[in-house]
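User: Could you walk me through the fold of this one?

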Amino acid sequence: MYIFFALLAVLLVICAGFVASSSVFAWYEQANRQPLLMTERFTLKRLWFALRFMALETACLCVTVLLHPLGWLRPWKRNVNREAVPVLLLHGLFHNRACWLWLRLRLMLLGVRSLHSINLPPWKDVESLTERVAKKVDELRLASGATKVHLVGHSMGGIIARNYLQIRGGAQKVDRCVLIASPNSGSRLAALALSPLATTLMPGSELLQRLAAAPIPASARVCAIYSRHDNIVLPPESAHLTGAENIELTGLGHTTLLYHPRILQTLFSVLAGKTP
């Protein structure tokens with residue numbers, strides 16, 4: 001029991017350190033672009049915001065890491081709901097499908113059916129991961145009888161969803177595509193990621209340039225949800241996608257966006273075809 005709590009404490013320290021360091025990078029970026037922020041950095045309002053932000057982001061990151069081993073388990077075999085449009089959830093870099101467990105549960109309680117997810121290993125390249133998504137989309141369409149599916153991607157998962165939708169021939173197979181905290185114009189923090197995929201998430205990468213040049217299909221409704229205070233997508237405006245419906249939130253970190261009620265309600269509205 002003592003070992004368990006010791007490991008939990010170590011995990012908490014590591015997550016807190018990661019959140020603190022990424023938040024410092026984010027603050028550095030913002031302060032250089034908005035020098036007036038320097039005059040307010042030690043006000044009680046700013047300090048409380050920073051403390052609350054980092055505490056919430058650290059808690060969400062710890063939960064995500066603790067859930068991670070569940071993503072290695074073989075998914076349960078179950079029949080695809082033939083009365084609902086399949087929803088395929090695509091996780092971000094260094095996560096796996098377990099990061100969606102909380103959001104999946106909440107969506108199911110709201111009545112969303114036919115939720116599915118796959119693993120996107122960080123040692124693979126973007127094209128092979130996109131091929132994995134394409135295969136899963138065809139499997140879901142065949143099993144459900146639906147002509148189209150909904151795609152929901154967090155962070156890197158959104159970039160892979162866009163690659164499938166805009167370049168790899170998925171335009172006629174996707175109804176709605178929701179991007180959550182996806183670095184559509186890249187992130188400067190990607191240079192610190194220990195994965196070959198990081199090069200594709202750098203600002204100005206070849207993939208991001210091809211995606212920017214490719215039109216968003218008129219047949220698909222694309223929605224980009226992001227936070228003005230994202231601590232991983234730097235600058236946060238990089239998550240904005242021209243030509244898509246953009247929804248900007250505030251006060252939420254990169255991982256917190258997988259758990260916060262505002263994301264749940266927004267995502268549910270988009271999947272239900274309503275205006276958020």
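Predicted model: local features only at pLDDT ≥ 70, side-chain atom pairs only at ≥ 80, totals over all residues.

User: ok, how many helices and strands does the chain have?

Analyst: The chain has seven helices and six strands, where helices (H or I, at least four residues) and strands (E, at least two) are DSSP runs numbered from the N terminus. Along the sequence they follow the pattern α-α-β-α-β-α-β-α-β-α-β-β-α.

User: and in what order do the strands sit in the sheet?

Analyst: The six strands form an open sheet in the order 2-1-3-4-5-6, with parallel pairing; two strands pair if DSSP finds at least two bridges between them. At the edges are strand 2 (115–118) and strand 6 (245–249), each of which pairs on one side only. From one strand to the next the twist averages 20°, with axes taken as lines fitted to C-alpha atoms, for helices over the stretch in contact, and angles running from 0 to 180 degrees between N-to-C directions.

User: which strands does helix 5 touch?

Analyst: Helix 5 (residues 156–167) packs on the sheet and touches strand 1, strand 3, strand 4 and strand 5 (221–227), contact meaning heavy atoms within 4.5 Å. The direction of helix 5 makes about 140° with that of strand 3.

User: switching topic, how do helix 3 and helix 7 cross?

Analyst: The axes of helix 3 and helix 7 (residues 261–271) come within 11 Å and cross at roughly 55°. That makes helix 3 oblique to helix 7, because angles under 35 degrees count as roughly parallel, over 145 as roughly antiparallel, 65 to 115 as roughly perpendicular and the rest as oblique.

User: which residues make that contact?

Analyst: Leu 103, Arg 106 and Leu 107 of helix 3 meet Leu 264, Leu 267 and Phe 268 of helix 7.

User: last one, what is the radius of gyration of the chain?

Analyst: The chain has 19 Å, which agrees with the value near 19 Å for a compact globule of 276 residues; the radius is taken over C-alpha atoms, and the globule rule is 2.2 Å times the number of residues to the power 0.38. Along its principal axes the C-alpha trace spans about 55 × 50 × 35 Å.

Notes:
Residues numbered from 1 in each chain as written. Heavy atoms only, no water.
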